[in-house]
Amino acid sequence: MPPEPGFDLSAYFPIFLYLAIILGFAGTTLILAHVVGPRRDTSVKLMPYESGMDPVGDARQRFDVKFYLLAIMFLVFDVELLFLYPWAVVAYREGGLPAFLSGPVFWGVLVFIALLLVAYVYDWRKGVFRWR
Amino acid sequence: MGTESLSRALVEFFPHLLPEGILVAIACVVFLGATTRAGRNLWYLLSLGALATGVLLIIAQGPPLSGSNSNRPETFASPVLFDNLTWFIRLLAFGGGLVFVLFSWSEVPEKQAADFLGCMLVTIAGLSMCGSANDLIGLFLSLEMISIPTYVLLYLPRYDEASQEASMKYFLLSIFSSAFLLFGFSYLYGLAGTTNLSGILHALDTTDVRDRPALASVVLIMVVAGLGFKITAAPFHFYAPDVYQGAPTVGAALLAFIPKAAGFVALLRVLGFVFPAAVSARAGIGMAFGDQTPILLCFLAAVTMFVGNLLALWQDNLKRLFAYSSIAHAGYMLIALAAAPLLRQAGRNEGADGIEALLYYLVAYGAMTVGAFAVISYLSTPERPIETVDDLAGLSRSHPGVALLMVLFLFSLIGIPLTAGFTGKFLIFFGALAVPGGERATLFPILAVLGMINAAIGAWYYLRLVAVMYLRTSVRPVEGKWCPAGLAAVGICALLTLGLSLPPGADWLVQAARKASGATTAAAPK
């Protein structure tokens, strides 16, 4: 296949240069730290998280499923906002949506919210928010 | 044609989706109803009403006249397409949905009945949408509409370890296969520059085969792999036995039919086996990704049949046995798909076209497999579940009528004359035998003979069930329960299995399948 018109390899030269510098820098730092750096191991230094909390007990313990349910509920509304923002910004701007589309899109958004409402009511009635 | 009228096509399809809309709305009502104390009968009647309304709407709308929407530029903008295949699949989805609702009436425990029903309605709407998808994104979403509720369906009615294993296995492997499918779709978008299926097929068809990048075969392999999971084609079938075994009976029946139908429809659409009227198939159907497609499908079909039938011989668990049987039947349907391009190229007017045979077999397979599962579900009680082959012993004494119906379904699965299974196998095998000579002259007759050998192998394990039911007696006879809805589901499946095998029913179905395959609109120009 012939190269696309206007394709010029030399235009990408800075990127290759950049790549070479990054790789060189990363490699040099690793080697230098390995060769030059002093190494004195203390018991504190050998902990998994040197400056964090002291590890207590096993990390693999069970969490109550209610945490996950709430987290999922939160995500749903988070994503809902993500969808609503572009619509709110674009729909009523000059030169945004064509006039004949604004009606259907409005109803589409309403259906979307209604579906989420159904899910919310379902969760609520099933007792997801009841923190027994 | 201005851009405005093209974008209007984005909006104008909404009224056409009324049946699916009603179904999803009723599913929402049922989900909300699941939180109240109302009994299941209300929700089941409501969903039966919605499905029946859908069937009536679809029948009233009728199949679109051929050529009525040909060459409309809107086809390249609209995310949905209403052609004869759409009509066929919608009717299949809603009709099948009616049977599944009757089937599950008394299977699911009272507490989960409404949730189960809601998930099932969404699945049925997904299959129906899959038939009308004209866009990669729409197609993927409708396939997910089938998959996601299925994860819930598999886990809802039972809380034992087998059920957990089944739903987890299906969930993980299903998202894995979706990833393959999306990978293929993204390359497809890269090839054609549009997600519109008509646009993609048009772009691929107008490019000369030699200029087509090798990427097309990557797309072909990825799409066949992703959809092969849904139709349980051979290297992607591993989940089926374990999942069917752990699933509730109605869940296993649903898995055996709905994802398989959706997978085959998606294959027909994406690989260009059924062209939209606006696109002319210059290279012939099914050749959009190069003429290697039939070869790939041939090998897939042969391996799938052998794996399904040979492994089914070793099974003692009924659901595992039917899982392998459904794998084997996917293999038979793949023969029809593989033979379709060359048959259409030959342009024969008599005999069965490949796609026609595939669609016929899909309906026949649905009737007999769902029927067999419905019998198992009808006979099972919590005190005496029907799990293994031996549990069926002495059925001819305790339930002579039901045993006779089970024999009908098993004979149909074997392919004994006067059943829909026979007519379907006849159409598929003689279609493959009739593929005209050429460079691949020997491939398809060999495939047809392999298919017949497999049908003979299959007869062994189906007849084993018949023998157990009629020749052995049980220490503890099958109890069964009186459940009119479950019996109605068995009855409908039996009627279809018998009625579709003989001329009036068979002719009607073959005609509908022929229209859906688009054989009349896209006669092969050579």
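How do helix 14 of chain B and helix 19 of chain B run relative to each other, roughly parallel or roughly antiparallel? I opened the notebook with that one, and the pair comes out roughly antiparallel.

Ground rules first. I am looking at a predicted model, where local features need pLDDT of at least 70, side-chain atom pairs count only at pLDDT 80 or more, and totals for chains, interfaces and linings use all residues. Residues are numbered from 1 along each chain as its sequence is written, and chains are lettered from A and ligands numbered from 1 in the order in which they are written.

**Entry: helices 14 and 19, chain B**

I checked the angle between helix 14 (residues 354-379) and helix 19 (residues 484-499) of chain B: about 150°, with the axes 9 Å apart. Axes here are lines fitted to C-alpha atoms, for helices over the stretch in contact, and angles run from 0 to 180 degrees between N-to-C directions. For the wording, under 35 degrees is roughly parallel, over 145 roughly antiparallel, 65 to 115 roughly perpendicular, and the rest oblique. Helices are DSSP runs (H or I, at least four residues), strands likewise (E, at least two), numbered from the N terminus.

The crossing of helix 14 of chain B and helix 19 of chain B is left-handed, meaning the near helix is turned anticlockwise from the far one by less than a right angle; clockwise would be right-handed. Helix 14 of chain B brings residues including B:Ala367, B:Gly371 and B:Tyr378 to the contact, and helix 19 of chain B brings, among them, B:Gly486, B:Val490 and B:Cys493. I count two residues as in contact if their C-beta atoms, placed from the backbone, lie within 7 Å. By class I get twelve nonpolar, four polar and no charged residues here. The classes: Ala, Val, Leu, Ile, Met, Phe, Trp, Tyr, Cys and Pro are nonpolar, Asp, Glu, Lys and Arg charged, and the others, Gly among them, polar.

**Entry: helices 2 and 5, chain B**

Next I took helix 2 of chain B against helix 5 (residues 113-132) of chain B, whose axes come within 8 Å and cross at roughly 165°. That makes helix 2 of chain B roughly antiparallel to helix 5 of chain B, and the crossing is left-handed. The contact includes B:Leu23, B:Ala27 and B:Phe31 from helix 2 of chain B, and B:Leu117, B:Leu121 and B:Met129 from helix 5 of chain B. Its residues split into 14 nonpolar, three polar and two charged.

**Entry: chain B overall**

I find 20 helices and zero strands in chain B. Its radius of gyration is 22 Å, close to the 24 Å that the globule rule gives for 526 residues, so chain B is as compact as a globular protein of that length. The radius is taken over C-alpha atoms, and the rule is 2.2 Å times the number of residues to the power 0.38. Of the 526 residues, 58% count as buried (20 or more other C-beta atoms within 10 Å of its own; exposed is 12 or fewer, partly exposed in between; C-beta atoms placed from the backbone).

**Entry: chain A**

Chain A has three helices and zero strands. Its radius of gyration is 28 Å, well over the 14 Å that the globule rule gives for 132 residues, so chain A is more spread out than a compact globule. Buried residues make up 0% of chain A.

**Entry: where the chains meet**

I get eight residues from chain B and nine from chain A in the contact. Helix 1 of chain B gives the most to the chain B side, with four residues. That side has four nonpolar, two polar and two charged residues.
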